[in-house]
Amino acid sequence: MNGGDGGDVAAAPAGPPPPLDWKFSQVFGERTAGEEVQEVDIISAIEFDKSGDHLATGDRGGRVVLFERADTKENGGSRRDLEKIDYPTSRHPEFRYKTEFQSHEPEFDYLKSLEIEEKINKIRWCQTANGALFLLSTNDKTIKFWKVQEKKIKKVASMNMDPSKAVGKGNIGSSSVSSSTNSHLENGGYKDKSSTNLINDFKFPPGGIPSLRLPVVSYNETSLVSRCRRVYAHAHDYHINSISNNSDGETFISADDLRINLWNLEISNQSFNIVDVKPVNMEDLTEVITCAEFHPTHCSTLAYSSSKGSVRLIDLRQSALCDKHSKLFDEQEAPGSKSFFTEIIASTSDIKFGRDGRYILSRDYMTLKLWDINMDSGPVSTFQVHEYLRPKLCDLYENDSIFDKFECCLSGDGQRVATGSYSNLFRVFGCGPGSNESTTLEASKNPMRRQVQTPSRPARSLSSITRAVRRGGESPGVDANGNSFDFTTKLLHLAWHPSENSIACAAANSLYMYYA
Amino acid sequence: MVDEPLYPIAVLIDELKNDDIQLRLNSIRRLSTIARALGEERTRKELIPFLSENNDDDDEVLLAMAEELGVFIPYVGGIEFAHVLLPPLETLCTVEETCVRDKAVESLCRIGSQMRETDLVDSFVPLVKRLAGGEWFTARVSACGLFHIAYPSASETLKAELRSVFGQLCQDDMPMVRRAAATNLGKFAATMEPAHLKTDIMQIFEDLTQDDQDSVRLLAVEGCAALGKLLEPQDCVAHILPVIVNFSQDKSWRVRYMVANQLYELCEAVGPEPTKTDLVPSYVRLLRDNEAEVRIAAAGKVTKFSRILSPELAIQHILPCVKELSSDSSQHVRSALASVIMGMAPVLGKEATIEQLLPIFLSLLKDEFPDVRLNIISKLDQVNQVIGIDLLSQSLLPAIVELAEDRHWRVRLAIIEYIPLLASQLGVGFFDDKLGALCMQWLQDKVYSIRDAAANNLKRLAEEFGPDWAMQHIVPQVLDMIKNPHYLYRMTVLRAISLLAPVMGSEITCSKLLPVVVTASKDRVPNIKFNVAKVLQSLVPIVDQSI
């Protein structure tokens with residue numbers, strides 16, 4: 001795995017922010033050579049929390065694994081990691097395993113004869129409170145609200161009754177005490193009677209009964225307890241593709257293929273439909289919702305993307321059912337270039353708001369597009385991610401790879417964007433003014449092994465002819481090695497740390513972390 | 001070891017820490033018993049500190065604990081020791097679960113309102129300040145609900161401090177805290193001196209009304225009404241009225257919806273004159289809002305709002321809107337209108353009702369959506385008082401017949417429920433002519449619920465018009481149906497008989513009803529025979545001993 005030699009970073013000096021030099025940081029669940037990947041272990045969702053101190057991953061087996069940042073708190077836990085890797089001076093985020101829980105189980109919908117997979121489609125972090133972590137996780141149908149909290153393990157000492165003896169009596173079932181103990185197991189009614197009897201029979205002395213003692217509890221250690229606080233179910237006829245929290249801290253949305261519902265976190269038995277694109281006649285269906293996200297600060301704005309490649313912005317203030325968008329971001333394909341695959345590859349697989357809410361990043365099969373929400377005439381930048389695959393679309397269609405849904409992410413400062421690709425590669429682009437940073441990394445311990453320089457800047461920027469020449473020169477190089485692209489190893493899920501240049505990405509069952 | 005008689009209470013105490021949540025809950029619910037067994041002093045010194053540490057438990061247990069502690073003053077030794085209850089409730093005020101926090105705040109308020117003033121200053125006010133400065137938003141949210149208890153007994157300087165702390169909470173980073181502050185603003189303001197009300201509170205209020213979170217502005221609308229009632233009328237007009245008018249044109253439909261919902265209270269707050277000049281235009285705008293939800297809320301208030309206006313104003317401004325709403329594109333708007341519009345008749349007076357409202361009633365009675373028609377029919381008595389039923393009856397009948405034969409059985413069921421009301425409004429004559437046949441027809445409905453309701457309906461009609469009438473118009477027809485070839489319909493007859501018998505009296509029961517029942521006991525369907533037995537049992541108290 002670590003045989004290759006790292007190439008150097010694309011050193012295009014034009015842009016103000018210098019290109020990042022990505023280094024390997026950590027890996028969790030690394031595969032040993034030849035190890036078979038279990039389907040259930042494949043990671044299907046990654047999400048940093050707002051502070052960047054926690055990271056959650058969900059997998060196809062319905063589990064959610066939490067990691068916590070190790071370098072900011074105490075250094076004890078990270079020492080092993082430090083030894084393992086060769087970068088001793090680490091001021092980059094390092095994470096350690098915190099806990100995991102089974103979020104979803106496979107289910108069967110008897111009414112529709114449908115199997116509901118346990119696969120976690122999305123995870124979203126909610127507001128932390130009192131040191132407890134809260135998150136939402138969803139599979140195709142059901143959203144769950146989890147609370148992960150450190151609980152002291154209590155050990156009860158010094159009881160009024162000798163516990164062993166009490167149990168013994170309970171077994172015999174003869175004494176009045178044990179029968180009353182049992183009685184409140186079954187129903188509270190008898191208990192009340194016995195107590196009132198007691199109160200009637202004995203006058204409590206004014207000073208109380210001295211022989212009674214309160215149980216003494218000692219706390220030795222703590223453990224992390226994950227509890228499902230609420231289940232938001234039965235609101236989606238189709239598969240849920242995304243969930244997103246509102247900035248007001250009390251509502252969130254869930255989106256399936258045709259509808260978007262609005263929930264209150266505290267109320268799990270009702271939700272409001274706010275977008276419904278289902279046509280009266282399903283045969284008229286031409287477009288489905290692929291992803292939806294709330295604006296990071298404006299509580300009434302949300303964006304959703306469609307299978308036709310457009311991104312719509314809606315304003316919840318306008319009306320109760322927001323079928324009319326307030327803004328539409330769409331790029332018309334040049335009319336001549338239409339082919340059988342045009343519509344398939346136009347489908348947006350993921351959208352993300354930038355941190356300040358000014359920009360929306362969208363990912364379709366071929367490109368990554370950055371939109372300014374104040375400019376609906378076209379994307380600010382387009383980054384070619386899979387242009388080299390265009391000649392192979394037919395094969396990709398045959399093996400269904402063309403339907404892969406790649407996620408995308410923005411850096412906290414909004415200067416860079418990243419998205420995944422095949423062969424466990426992911427790409428980072430600079431999107432600041434004048435930047436033509438473009439890096440390809442492999443999710444392995446040596447990210448630069450397959451480093452290829454493909455400065456595929458937006459086609460619209462005509463400033464640099466040299467770059468165009470370079471692209472002409474180099475892109476085929478990638479294509480020539482095209483066979484090495486392995487469509488079975490795809491890097492779909494990745495997330496950028498909210499405040500630092502650190503990326504977490506999933507290659508099958510392994511979680512790789514990089515920093516720069 | 002404990003004496004034998006104390007076992008139950010000892011077990012109860014031990015189970016405070018049992019692994020089974022049900023047992024812990026049970027123990028917490030009996031906390032007062034435990035406290036009495038321990039005595040006041042040990043309750044203060046041991047039980048309460050013990051409970052204060054017990055904040056790691058499940059939410060259900062914490063909720064029960066928060067509730068119990070609210071009524072715990074007698075068990076700790078009375079009012080003078082009430083302050084010992086504050087620490088455990090303070091911890092409960094910081095937990096993540098909203099319902100636990102709310103309960104803890106409620107209990108704290110209950111305790112605080114009984115505490116002596118000096119104790120309040122010594123322990124309650126510091127508690128509020130601690131919570132308000134809490135690290136997590138949960139504590140700060142809870143703090144918002146406690147100011148109105150802490151404030152009145154505080155000294156001048158302390159009061160100033162509390163006001164400024166509350167002001168900070170209203171500008172908290174967390175929307176949850178701002179929402180809690182907005183919710184409690186009215187309560188807090190009610191305890192405040194008028195001078196500060198105008199300065200501090202109005203400033204806070206204005207900030208809240210301009211919050212960029214819709215959810216905060218929503219709650220500020222409620223504050224309008226509460227604050228308005230506290231202010232002098234002229235201040236109210238100067239400060240609150242512009243806010244209301246602004247809100248009624250807010251960009252967010254949710255805020256406008258809230259205004260529509262609260263408008264009546266807001267009118268009360270600002271007084272009749274400004275209502276006429278400023279709020280009528282706002283209300284008219286809301287009635288014509290382009291969001292159906294807002295129109296629904298506004299339409300539902302038509303009558304209440306008209307009542308505080310003069311008839312002329314109502315006719316001039318509101319009635320045109322009502323006309324538009326009666327043909328609104330949303331059936332829910334029409335339905336909301338239909339449910340209240342009848343109430344406008346007494347407000348407008350006979351002439352205006354006949355001239356203006358009647359056409360609207362009639363068009364709503366012909367609405368394609370059954371709920372709309374039902375809502376009109378259900379409030380028929382109100383119109384009757386003003387104009388009499390004659391004018392309506394011609395159009396009423398087709399509407400009723402249509403509803404009676406509606407495809408959806410729930411609609412049929414709903415109209416059956418209103419038949420006795422209609423009968424009393426329309427009078428015997430009209431009923432006999434038009435509706436009698438319908439009532440019999442329902443007895444043979446395909447849906448059991450309808451047959452059952454129809455039988456019940458007969459009973460209520462018999463009560464309404466008396467046994468003599470029933471003897472003529474109901475009993476023969478019902479008894480006729482016992483010959484129906486279908487056993488389910490025969491069963492309906494039995495059901496009707498058992499309901500009618502108590503109304504008809506023993507004589508008719510013996511002479512007319514009983515023979516039919518007895519004959520039915522020889523029915524070839526066992527189910528009928530079984531039901532005959534049941535009917536007979538219910539008839540026993542009615543008939544004479546002799547039979």
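In this predicted model, the largest cavity holds about 40 Å³ of space. The count of cavities of 30 Å³ or more comes to 2. Rolling a probe the size of a water molecule over the atoms shows where such empty space is left. By class, the lining of the largest cavity divides into 3 nonpolar and 5 charged residues, with no polar ones.

The second largest pocket contains about 1000 Å³ of space. Its lining comprises 35 residues, and those nearest the centre of the pocket are Lys119(A), Asn241(A), Phe403(A), Asp404(A) and Lys405(A). The elements that give two or more residues to this lining are β16 (289–294), α5 (342–346) and β20 (348–353), which belong to chain A. Charged residues number 16 in the lining of the second largest pocket, alongside 10 polar and 9 nonpolar residues.

The interface between the two chains was examined next. Contacts between chain A and chain B involve 60 residues of chain A and 62 residues of chain B. The size of an interface is often given as the accessible area lost when the parts come together. For chain A and chain B, the buried area is about 5300 Å², and carbon and sulfur atoms give 54% of this area. The interface of chain A and chain B also has 16 residue pairs in polar contact, both residues being at pLDDT 80 or more. On the side of chain A that touches chain B, the elements giving two or more residues are β10 (143–157), α3 (176–186), α4 (188–201) and β11 (216–232) of chain A. The largest share of that side comes from β10(A), with 7 residues. The residues on the side of chain A that touches chain B comprise 24 nonpolar, 19 polar and 17 charged ones.

Side chains of opposite charge can pair when their charged atoms come close. Across the interface of chain A and chain B, 7 salt bridges are found. One salt bridge joins the side chains of Asp58(B) and Arg227(A), with an N to O distance of 2.6 Å. Over all chains, a search of the whole structure finds 55 salt bridges. Within chain A, the side chains of Arg69(A) and Glu500(A) form a salt bridge at 2.8 Å, N to O. Arg69(A) is part of strand β4 (residues 63–69) of chain A, whereas Glu500(A) is in the loop between β28 (494–496) and β29 (502–507) of chain A, so this pair ties together parts that are 431 residues apart in sequence.

Technical notes:
Residues numbered from 1 in each chain as written. Chains lettered and ligands numbered in written order. Predicted model: local features only at pLDDT ≥ 70, side-chain atom pairs only at ≥ 80, totals over all residues. Heavy atoms only, no water. Contact = heavy atoms within 4.5 Å. Buried area = accessible area lost by both parts, 1.4 Å probe. Salt bridge = Lys/Arg side-chain N within 4 Å of Asp/Glu carboxyl O. Polar contact = N/O pair within 3.5 Å; in protein donor to acceptor, adjacent residues only side chain to side chain. Helix = DSSP H or I, 4+ residues; strand = E, 2+ residues; numbered from the N terminus. Nonpolar A, V, L, I, M, F, W, Y, C, P; charged D, E, K, R; others polar. 1 Å grid on protein atoms, 1.4 Å probe; cavity = no way out; pocket = protein on both sides within 12 Å on 5 of 7 lines; lining within 4 Å. Points joined across faces, edges and corners; volume = space filled by probe spheres on them.
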